[in-house]
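Work through the exercises below with the coordinates open. Each task is followed by its solution.

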Amino acid sequence: MTRRRAVMAGGAAVAAVGLGAAVATTASAGETSASAVSATSSAAASSPSGEVCYRLTSETTEGPYYIDADKIRKDITEDREGIPMTLRLKVIDSESCKPLAKAAVDIWHCDALGIYSGYESSSGGGGGIPPTGTPTGIPPTGTPTGTPPTDAPTDAPTDAPTGAPTGAPPGGGHQEPTDDERYLRGTQFTDRHGFVEFATVFPGWYRGRCVHIHTKVHVGGKLTDAGYEGGHTCHTGQLFFAEEAVLAAAEVAPYNTSTTERTTLDEDGIYPGNGAQGGLLNLTYRKGRIGKGVVGSLTLGVDPDATHDGTDL
């Protein structure tokens, strides 16, 4: 039986060390305070290996909008509007607790209005200000003419389905890209301490899903002119956001122009509900001024020998 150590309380905040006392935070779920960072740093320093060890991070579906790693870059923002976000991830071997160096970490997510690059015509966003006022124009007048048909087919179905559709929105079923856009997608290689960092924007939302970021961890491959090739995918997951932060972001432009009904974290059919182990990010920002920027951090515990491509979930 392999050895899997327990999650240390507040351990995901290690990646947030060095943010500085100028950053005011809240200590609600998914966010970390300066005291929590300090306590966790002390715990890590006093442990024999100097590392904070996690259980395996939950595997989730890849979703329909994945595109193979072909953009090796830190800043994935391109021209997208939104709240600036720095995403800091640390990847460790969940059995040995050692950092996983030279792993390729993919992330991809929708923009502030729920649109995915590569799939602008098919991903479900909802932007713009809803129309107001009274419809204009002259309504049709007169009485319909003609005699309705009396020879309707006798074999017309009589058992048409009734009621509203049920079930969670589909999470898998890869779709081929419909355009050449690649904003809010990118890949970075972990350093010798297992860290990667991305510059992006706070994601928006679309019908049926809470706010989230997709991620994959690949090992054993190499960088080529075409991007990252070879090896295998040892982790496919999603990163989630505490409701308090999402509600704060929803007050800021352009998020506040979205007309799409939002799914909460508790309502989401994919979030496993198990905190950091399930991908719940630690978020740090100035309370009341989230529009100035957010730092999200998390440690991902993976099994580098396993294969999890997220297409069978």
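**Exercise 1.** Does Tyr116 count as buried or exposed, and at what relative accessibility?

*Solution.* Start with the ground rules. This is a predicted model, where local features need pLDDT of at least 70, side-chain atom pairs count only at pLDDT 80 or more, and totals for chains, interfaces and linings use all residues. Residues are numbered from 1 along each chain as its sequence is written, and side-chain values use heavy atoms, with hydrogens and water left out. Next, apply the cut-offs: buried means under 20% relative accessible area, exposed over 50%, partly exposed in between (1.4 Å probe, protein chains only). Tyr116 has 1% relative accessibility, so Tyr116 counts as buried.

**Exercise 2.** Classify the ring pairs of Tyr116 with Tyr65 and with Tyr206.

*Solution.* Step one: recall the criteria. Rings of Phe, Tyr and Trp (its six-membered ring) pair if their centres lie within 6.5 Å; planes under 30 degrees apart count as stacked, over 60 as edge-to-face and the rest as tilted. Step two: search the whole structure, which gives eight aromatic pairs. Step three: take Tyr65 and Tyr116. Their centres are 4.7 Å apart and their planes at 40 degrees, so this pair is tilted. Tyr65 sits in the loop between helix H1 (34-46) and strand S1 (84-93), and Tyr116 in the loop between strand S2 (104-108) and strand S3 (185-189), 51 residues apart. Helices (H or I, at least four residues) and strands (E, at least two) are DSSP runs, numbered from the N terminus. Step four: take Tyr116 and Tyr206. Here the centres are 5.6 Å apart and the planes at 70 degrees, so the pair is edge-to-face. Tyr206 lies in the loop between strand S4 (195-201) and strand S5 (212-224), so this pair ties together parts 90 residues apart in sequence. Tyr206 is buried, at a relative accessible area of 11%. Step five: assemble. Tyr65, Tyr116, Tyr119 and Tyr206 form one aromatic cluster.

**Exercise 3.** Which charged residues sit over the rings of Tyr183 and Tyr66?

*Solution.* The test is NZ of Lys or CZ of Arg within 6 Å of the ring centre and within 35 degrees of the ring normal. Arg80 lies over the face of Tyr183, 3.8 Å from the ring centre. Lys216 places its charged end over the ring of Tyr66, 4.9 Å from the centre.

**Exercise 4.** What is the mean pLDDT of the protein chain?

*Solution.* pLDDT is the predictor's confidence in each residue, from 0 to 100. The chain mean is 78, and 67% of residues reach 70 or more.
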